[in-house]
Structure formats: structure tokens, C-alpha cells
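This report is written for a reader who is meeting the structure below for the first time.

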Amino acid sequence: MTRRGLLAAFAATTVAAAPHYANAFSLFRNAGDIRRIKMYSGRTGESLDTIYWIEGKYLPEALREIAYFMRDWRNDRAIGIDTRAIDIMAAAHRLLDVSEPYMLLSGYRSPQTNAMLRSRSRNVAQNSLHLKGEAADLRLRSRSVAQMSRAASALSAGGVGRYSGSDFVHMDCGPVRTWGV
């Protein structure tokens, strides 16, 4: 089976038979695969291209690198990023079949940053999953918000918010839900 065929089978399986996160990635569990995440930040000028999971094991050094990369750039604070959120971002990226890295707009947010953003926009949740390292706001130049949100939604593994006016998609590992236009 080709990689594209495997991804298509994965997408079909997750949409049809995997209402829970645990099932959404069952095809990749113990399958000898490698998980990789690629991102860059326009805010810091940093890039990340790391393999964070090999043959059923998360790589602690890579997870620390991801946590630092996804830190609150406004005050340089970082916390561990939930591996479920990383898996969702990586799986959606694979489904989109792109080589371009995500542009990270927002990863972890400190309480101070979240409060400041909330005072400026009604679209910022008081108890945002960004505060727990469970969410990311992402953009791809080569894919539309609609394409990105469809890929993330196909995983049935967390929240997916479409922000077409601002050209980004929110992905999180909270309850399965969708919002936005």
C-alpha cells in the first residue's frame, strides 16, 4: 500500500469509525512509524522540524524542543505541550499532503497574555486551552482555512476552529467540536 493510500484509509477510518481520540490514531499505534512536526514562527523567526515519536515512544528531547518553540513569545514562558495536540497537528499536516511547515500564530499562552488578548477580542476564551498547552493556531500558505479545518476535523480528535477572516485554524485536544466560518 502506498503512503497516500494509507493516509486515505486512515482518514476514512477516523471519520467513519473513530469518535474518540484513542481510536483516531489506532492505525499508527505500534505500527513502526515516525511522527514529525514542522513549524515556523513569524514572531520569533524560529523554525522547528523534528521527529518527536518513533515506534510507539515519544522522544523527551523533541517534546522539550516543541514546548520551547510553542512558548508564549511575549514573555518567553513555556510549558509542556500536550502530546495529543502535537499528534493532531502532525496528523492533519500528513492528511493535507504538504511539505511546507505550519506557521505557528499561537501555541502556549500565559494567563497574562490570554487576559490581554481577551481584552482586545471577544474570540479569546477565558479558559482557553492555549493556557494548558493543549491548542495551537496555525496557518499554511498553500492550503485554505477550509482545507485545513476539514483535515483536522476528519481526525475526530479535538476542537477545530475556522477563522477565515484572520486566515488561521485553531486545533486543540479538547472535546470534539467545531466552530467558525
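## The largest pocket

Which element gives the largest share of the lining of the largest pocket? In this predicted model, that share comes from β7, which supplies 3 residues. The pocket itself has a volume of about 580 Å³. Its lining is made up of 25 residues, and those closest to the centre are Arg-109, Asn-123, Val-124, Asp-137 and Phe-168.

Several elements take part in this lining. Those that give two or more residues to the largest pocket are β4, α5, β5, β7 (168-172) and β8 (177-180). By residue class, the lining divides into 9 nonpolar, 8 polar and 8 charged residues.

## The enclosed cavity

Rolling a probe the size of a water molecule over the atoms shows where empty space is left. The structure holds 1 cavity of 30 Å³ or more. The volume of the largest cavity is about 100 Å³.

A set of 15 residues lines the largest cavity, and Arg-71, Trp-73, Leu-105, Ser-106 and Gly-107 lie nearest its centre. Strand β4 (residues 102-106) gives the most to this lining, with 3 residues. The lining of the largest cavity consists of 6 nonpolar, 5 polar and 4 charged residues.

## Salt bridges between parts of the chain

Side chains of opposite charge can pair when their charged atoms come close. A search of the whole structure finds 12 salt bridges. One of them joins Asp-87 to Arg-35, with the closest N and O atoms 3.1 Å apart. Because Asp-87 belongs to helix α4 (residues 83-96) and Arg-35 to strand β1 (residues 34-40), this pair ties together parts that are 52 residues apart in sequence. Both Asp-87 and Arg-35 are buried.

Arg-84 takes part in two of the pairs described here. In the salt bridge between Asp-82 and Arg-84, the closest N and O atoms are 2.8 Å apart. Asp-82 has a relative accessible area of 17% and is therefore buried, the limit for that class being under 20%. Arg-84, at 32%, is partly exposed.

The side chain of Arg-84 also meets that of Glu-134 in a salt bridge, at 4.0 Å from N to O. Glu-134 lies in the loop between α5 (111-120) and β5 (135-139), whereas Arg-84 lies in helix α4, so the pair ties together parts that are 50 residues apart in sequence. With a relative accessibility of 15%, Glu-134 counts as buried. Elsewhere, salt bridges with shared partners join Asp-33, Arg-35 and Asp-87 into one network.

## Confidence in the model

How high is the average pLDDT of the chain, and what percentage of the residues score at least 70? The average is 86, and 82% of the residues reach that score. Confidence is lowest in helix α1 (residues 3-17), where the mean is 43, and highest in helix α3 (residues 60-69), where the value is 98.

Two stretches call for particular mention. Over residues 1-24 the pLDDT is below 50, and beyond near neighbours in sequence this stretch has 41 contacts in the model. Residues 26-31 likewise have a pLDDT below 50, with 12 contacts in the model beyond near neighbours in sequence.

Definitions and conventions: Residues are numbered from 1 along each chain as its sequence is written. This is a predicted model: local features need pLDDT of at least 70, side-chain atom pairs count only at pLDDT 80 or more; totals for chains, interfaces and linings use all residues. Side-chain values use heavy atoms; hydrogens and water are left out. Helices (H or I, at least four residues) and strands (E, at least two) are DSSP runs, numbered from the N terminus. Buried means under 20% relative accessible area, exposed over 50%, partly exposed in between (1.4 Å probe, protein chains only). On a 1 Å grid over the protein atoms alone, a cavity is a set of points where a 1.4 Å probe fits but cannot get out, and a pocket is an open set with protein on both sides within 12 Å along at least five of seven lines; lining residues have an atom within 4 Å of a point. Grid points are joined across faces, edges and corners, and a volume is the space filled by probe spheres set on the points. Ala, Val, Leu, Ile, Met, Phe, Trp, Tyr, Cys and Pro count as nonpolar, Asp, Glu, Lys and Arg as charged, and the others, Gly among them, as polar. pLDDT is the predictor's confidence in each residue, from 0 to 100. Contact means heavy atoms within 4.5 Å.
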